[in-house]
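This briefing accompanies the sequence and model shown below. Its points are grouped by topic for quick reference.

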Amino acid sequence: MGQRTRISVAFWPIPCRFTQKPMGDQMHILIVGAAGMIGQKLAQTLVDNGELNQQKITEITLFDVVEPTAPSGFDGLAHVLTGDLANPQIAHELVAGKPDVVFHLAAVVSGEAEQDFEKGYRINMGGTQNLLEAIRHTGFCPRFLFTSSLAVFGTPLPDVIPDNFNATPQSSYGTQKAIGELLVNDYSRKGFIDGISLRLPTIVIRPGKPNKAASSFFSSILREPLNGKPATLPVPKRTRHWFASPQMAVGFLIHAASLNTAELGWRTLNLPGVSASIAEMIRALQRVAGREAADLITETPDPLIEAITGSWPKAFHPARAKALGFEAENGFTQIIQSYLDAEGNTK
Ligand SMILES: NC(=O)c1ccc[n+]([C@@H]2O[C@H](COP(=O)([O-])OP(=O)(O)OC[C@H]3O[C@@H](n4cnc5c(N)ncnc54)[C@H](O)[C@@H]3O)[C@@H](O)[C@H]2O)c1
């Protein structure tokens, strides 16, 4: 009788081959998508904090397809790099320095991913896998934070979404984010990364100009009036959604970078946020900036945006994330205040 070959297939998690560095050792952080709204704030906050997970940040690599701005006041080694993550070679070069923590924020947003099918898959799915493959081939196991989205959820949705609710995306962007979550989970299970996907609430108030995200108006109806400018509301005031501030998004990422993942199980988290209707948002605007600010909003219905946002999650019960110490704002007034504290009132 011939000898049988024993095939062993591991379906259980393989511990990360990365061993935590001793306290006081050097910490290298890579931010992919560092020129974006959250990326810039994250980089500056990390530099201001000076440490992550009680380790001094000594090296920071900022990467984006658009040149990122180096944070001010950093006394360590800063690398500012530009390139396209959809190029596998670039992904390899990015991780050659074996960063301890990788924040993967690079993406094309929902509206653009829907309009340009190829670009969305090339960057949001292909770019994510390029980064993960580059890490696997380089052979180290960083903490890897992936910014996912509520767009992974599709109708029909309960009014309050529990942690175990299935992801059934109904957009290309949501599908690409759901694929990213699955990859992060599987690469973590195999011990190639120590990853967590964070399903960020919609982040308001976004500074600057409107972008191509379908959610862009949620920021403009507050930001423009706060700065004395008119704004257009394309959806009914009863529209309800789940929000957090940019500062909270940075806080979520930093908290996730320091979590003990030993008992985490499934590597995707719904996050805390504020559930608010447009009417409640406008009331909060009025409380903070007065009636004249609220009067700058004009209702101009847009059936397409109404159809898209009407199918979005209204509220969550993020029990797992809360038990892990994630916290959000306690109401919409706090979100508006957080914008004014960070950006000032340019009126
Ligand atoms: N802002 C939100 O409300 C929100 C909500 C849920 C999830 N997210 C996710 O969080 C992440 C950050 O969000 P944000 O609001 O800062 O977005 P952003 O659009 O401001 O930043 C994304 C960055 O990715 C970069 N990028 C795009 N294609 C790239 C490529 N091929 N190679 C390298 N870089 C590339 C862009 O230039 C941009 O600077 C994104 O992945 C987004 O999908 C954001």
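The model is a predicted one, and the values below are computed from it.

**Backbone geometry**

- Most residues other than glycine have a negative phi, and most peptide bonds are trans.
- Asn53 has a positive phi of about 55 degrees, although it is not a glycine.
- Lys98, likewise not a glycine, has a positive phi of about 45 degrees.
- The place of Lys98 is in the loop between α2 and β5, and with 14 other C-beta atoms within 10 Å the residue is partly exposed.
- Thr155 and Pro156 are joined by a cis peptide bond, with omega about 0 degrees; Pro156 belongs to the loop between β6 and β7 (161-162).
- Val204 and Ile205 are also joined by a cis peptide bond, with omega about 0 degrees; Ile205 is found in the loop between β9 and α6 (216-226).

**Surroundings of the ligand**

- Of the 24 residues around the ligand, those that come nearest are Gly33, Gly36, Ala107, Thr147 and Ile203.
- Two or more residues of this shell are given by each of α1 (37-49), α4 (117-138), β6 (143-149) and β9 (202-203).
- The element that gives the most to the shell is α1, with 3 residues.
- By residue class, the shell around the ligand divides into 15 nonpolar, 7 polar and 2 charged residues.

**Helix α1**

- The 13 residues of α1 reach 19 Å from the first C-alpha to the last, close to the 18 Å expected at 1.5 Å a residue.
- The buried residues of α1 are Ile38, Gly39, Gln40, Lys41, Leu42, Ala43 and Leu46.
- The cover over these buried residues of α1 includes the strands β1, β2, β3, β5 and β9, together with the helix α7 (246-258).

**Helix α4**

- α4 has 22 residues, which should span 32 Å at 1.5 Å a residue; the separation of its end C-alpha atoms is 30 Å, which agrees.
- A kink of about 35 degrees is present in α4, centred on Gly126.
- An α-helix has 3.6 residues a turn, so residues three or four places apart point the same way.
- In α4 the buried residues are Gly120, Ile123, Asn124, Met125, Gly127, Thr128, Asn130, Leu131, Leu132 and Ile135.
- Among the elements that cover the buried residues of α4 are β1, α2 (88-95), β5 (101-104), α3 (110-115) and α5 (172-189).
- Just after α4, Gly139 takes a positive phi of about 80 degrees.

**Nonpolar core**

- In soluble globular proteins, nonpolar side chains tend to be buried together.
- The largest nonpolar core has 93 residues, of which Ile31, Val32 and Leu253 touch the most other members.
- Leaving aside neighbours within four places in sequence, Ile31 is in contact with Gly39, Leu42, Ala43, Leu62, Phe63, Phe103 and Leu105.
- Gly39, Leu42 and Ala43, among these contacts of Ile31, are also among the buried residues of α1.

**Two individual positions**

- Ala284 lies in helix α8 (residues 278-289) and counts as buried, because 21 C-beta neighbours lie inside 10 Å.
- Neighbours within four places in sequence aside, Ala284 is in contact with Phe332, Thr333 and Ile336.
- Ala284 and Gly331 are 47 residues apart along the chain, and their C-alpha atoms are separated by 8.9 Å.
- Gln26 is in the segment before β1 (27-32); with 13 other C-beta atoms within 10 Å, Gln26 is partly exposed.
- Apart from neighbours within four places in sequence, Gln26 is in contact with Thr58 and Glu59.
- Gln26 and Gly36 are 10 residues apart in sequence, and the distance between them in space is 26 Å, C-alpha to C-alpha.

Terms used: Residues are numbered from 1 along each chain as its sequence is written. This is a predicted model: local features need pLDDT of at least 70, side-chain atom pairs count only at pLDDT 80 or more; totals for chains, interfaces and linings use all residues. Helices (H or I, at least four residues) and strands (E, at least two) are DSSP runs, numbered from the N terminus. A residue is buried if 20 or more other C-beta atoms lie within 10 Å of its own, exposed if 12 or fewer, and partly exposed in between; C-beta atoms are placed from the backbone. Two residues are in contact if their C-beta atoms, placed from the backbone, lie within 7 Å. A residue is near a molecule or strand if its C-beta atom, placed from the backbone, lies within 6 Å of it. Ala, Val, Leu, Ile, Met, Phe, Trp, Tyr, Cys and Pro count as nonpolar, Asp, Glu, Lys and Arg as charged, and the others, Gly among them, as polar. A nonpolar core is a set of buried Ala, Val, Leu, Ile, Met, Phe, Trp, Tyr and Cys residues joined through C-beta atoms within 7 Å. The expected span of a helix is 1.5 Å times one less than its number of residues. The bend at a residue is the angle between axes fitted to the seven residues ending there and the seven starting there.
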